[in-house]
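Biologist: Before we discuss any details, could you put the model on the screen and take me through it feature by feature?

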2 protein chains.
Amino acid sequence: MDMNHPEPLHVGLLDIDLCGPSVPFLLGLEEQDVHQCDEGWVPVYTSAEKKLAVMSIGFLLKNRSDAVIWRGPKKTAMIKQFLEDVNWDELDYLIIDTPPGTSDEHITVMECLKTVNTDGAIIVTTPQEMALEDVRKEVTFCKKTGINILGIVENMSGFVCPNCSECTNIFSSGGGQSLAELAQVPHLGTLPIDPRVGELAGTGKACVTELPNCTTTEVLQKIVQTITVGG
Amino acid sequence: MDMNHPEPLHVGLLDIDLCGPSVPFLLGLEEQDVHQCDEGWVPVYTSAEKKLAVMSIGFLLKNRSDAVIWRGPKKTAMIKQFLEDVNWDELDYLIIDTPPGTSDEHITVMECLKTVNTDGAIIVTTPQEMALEDVRKEVTFCKKTGINILGIVENMSGFVCPNCSECTNIFSSGGGQSLAELAQVPHLGTLPIDPRVGELAGTGKACVTELPNCTTTEVLQKIVQTITVGG
């Protein structure tokens with residue numbers, strides 16, 4: 001997806017939402033297993049070219065209904081293992097997907113990555129005031145713990161009726177933009193609700209290849225460009 | 001809201017989402033403070049009639065942007081205090097609003113309430129497959145820890161275009177129903193997306209009084225009736 005990079009990048013995606021790991025389903029990898037090698041755990045790759053390496057506790061559960069009923073310390077130990085014991089190989093980028101909040105998962109990642117040269121955090125919000133309440137706390141977390149904020153993405157902003165093409169801002173709109181101004185961080189983009197994109201979840205197909213002309217694809221490509229050129 | 005109860009009920013609402021407390025905003029109580037009395041903390045009441053008593057860590061934060069950067073043990077201690085040190089007075093029902101997941105908050109509440117005669121848990125999902133993934137894990141949590149499941153509510157199911165009245169199932173639909181069948185628990189109801197209901201958030205006004213004829217109100221009233229008559 002990086003327009004300025006002649007060679008495709010090697011990217012790692014680490015899902016640290018231990019109680020609600022959604023990455024295996026989203027990428028259509030639910031049947032995959034993680035294996036052990038001499039160098040540690042082998043992540044799951046989405047293709048033979050091994051451009052995207054994925055790790056999630058979802059791969060370690062026997063059944064998709066299995067619940068991880070763990071208090072903080074066990075979650076912390078697992079996240080440390082994901083960062084230290086996975087054989088990520090050579091990566092251009094490691095993306096860490098966190099659950100919402102400012103607790104064990106976030107504190108652990110922040111502490112583990114302190115010694116590494118990290119680019120920063122991307123904060124994703126939905127436009128309604130209630131979501132912004134939570135995201136304001138996440139901005140405070142990043143500022144307090146010294147994490148650079150790359151920017152804010154507003155997701156689920158506006159719905160275009162497939163029948164009459166009228167756009168309704170279901171959950172109000174503009175929240176991402178105004179929060180970005182308030183927090184003095186970049187507003188990276190605004191993603192609409194597009195049922196066609198939602199239908200791709202779980203199929204292993206990406207909207208950037210399947211729906212090259214939709215707004216979601218355009219916004220996502222612009223975000224990637226901003227982050228990789230800026231980084 | 002209980003049709004079979006001649007006298008209004010006394011209800012307590014405890015928000016144990018410590019990193020993202022949304023109850024004070026939702027009920028229009030953000031400026032309220034919690035006070036201390038001889039019997040413990042005094043909850044915030046929504047009216048002079050004291051029919052709804054509310055407790056949330058949001059009332060204890062100086063600023064709505066303040067982040068609670070706590071690991072599990074501190075969260076556990078706070079939740080225990082909310083259950084033991086709040087002067088709830090005589091309540092007909094205590095409703096506990098949890099964050100998503102199956103971790104510290106849920107384990108603590110489950111352990112604290114083991115000795116009390118609790119009615120059970122209501123599980124709220126949105127219809128898309130990704131949300132159902134998480135909710136399946138919450139069903140497993142309840143079954144493993146012996147919590148009775150009162151039923152599943154499907155929220156954000158379908159959007160009626162205000163322009164052409166065409167209903168689009170933005171995030172697919174029927175997930176709540178099929179999960180309820182799978183888990184063999186009641187399906188309590190299906191709430192649509194209604195921008196008019198969303199606009200009431202933060203105003204302190206309830207949709208059951210402001211929008212008496214909308215689908216959301218009808219479904220909510222039916223859910224309350226099912227739960228209170230069944231309970």
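Modeller: Let us begin with Q184(A), which is placed in the loop between α5 (175–183) and β11 (187–190) of chain A; helices (H or I, at least four residues) and strands (E, at least two) are DSSP runs, numbered from the N terminus. This is a predicted model, in which local features need pLDDT of at least 70 and side-chain atom pairs count only at pLDDT 80 or more, while totals for chains, interfaces and linings use all residues; side-chain values use heavy atoms, with hydrogens and water left out.

Biologist: What value is phi of Q184(A) near, and is Q184(A) buried or exposed?

Modeller: Phi of Q184(A) is near 55°, a positive value in a residue other than glycine. For accessibility, buried means under 20% relative accessible area, exposed over 50%, and partly exposed in between (1.4 Å probe, protein chains only). Q184(A) counts as exposed because its relative accessibility is 72%.

Biologist: What is the mean pLDDT of chain A?

Modeller: As a general idea, pLDDT is the predictor's confidence in each residue, from 0 to 100, and where pLDDT is low, the predicted coordinates should not be read in detail. Here the mean pLDDT of chain A is 91, and 97% of its residues reach 70 or more. For the complex, the predictor gives an ipTM of 0.89 and a pTM of 0.92.

Biologist: Which residues form the negative surface patch?

Modeller: Patches are made of residues with over 30% relative accessible area and no salt bridge, like charges being joined within 9 Å and nonpolar side chains (Val, Leu, Ile, Met, Phe, Trp, Tyr) within 5 Å. In this model D38(A), E39(A), D89(A), E90(A) and D92(A) form a negative surface patch. Of these, D89(A) is found in the loop between α2 and β6 of chain A, and D89(A) counts as exposed because its relative accessibility is 59%. Phi of D89(A) is near 65°, a positive value in a residue other than glycine. D92(A) lies in the loop between α2 (72–84) and β6 (93–97) of chain A, and with 40% relative accessibility D92(A) counts as partly exposed.

Biologist: Which residue meets R64(B) in a salt bridge of 2.9 Å?

Modeller: That residue is E129(A), whose side chain meets that of R64(B) (2.9 Å, N to O). E129(A) lies in helix α4 (residues 129–145) of chain A, and R64(B) in the loop between β5 (52–56) and α2 (72–84) of chain B, so the pair joins two chains. E129(A) is partly exposed, with a relative accessible area of 28%, and R64(B) is partly exposed, with a relative accessible area of 35%.

Conventions
Residues are numbered from 1 along each chain as its sequence is written. Chains are lettered from A and ligands numbered from 1 in the order in which they are written. Accessible areas come from the Shrake-Rupley method with a 1.4 Å probe; for residues, only the protein chains shown count as cover. A salt bridge is a side-chain nitrogen of Lys or Arg within 4 Å of a carboxyl oxygen of Asp or Glu. Lys and Arg count as positive and Asp and Glu as negative; His and the chain ends are not counted. The place of a charge is taken as NZ of Lys, CZ of Arg, CG of Asp or CD of Glu.
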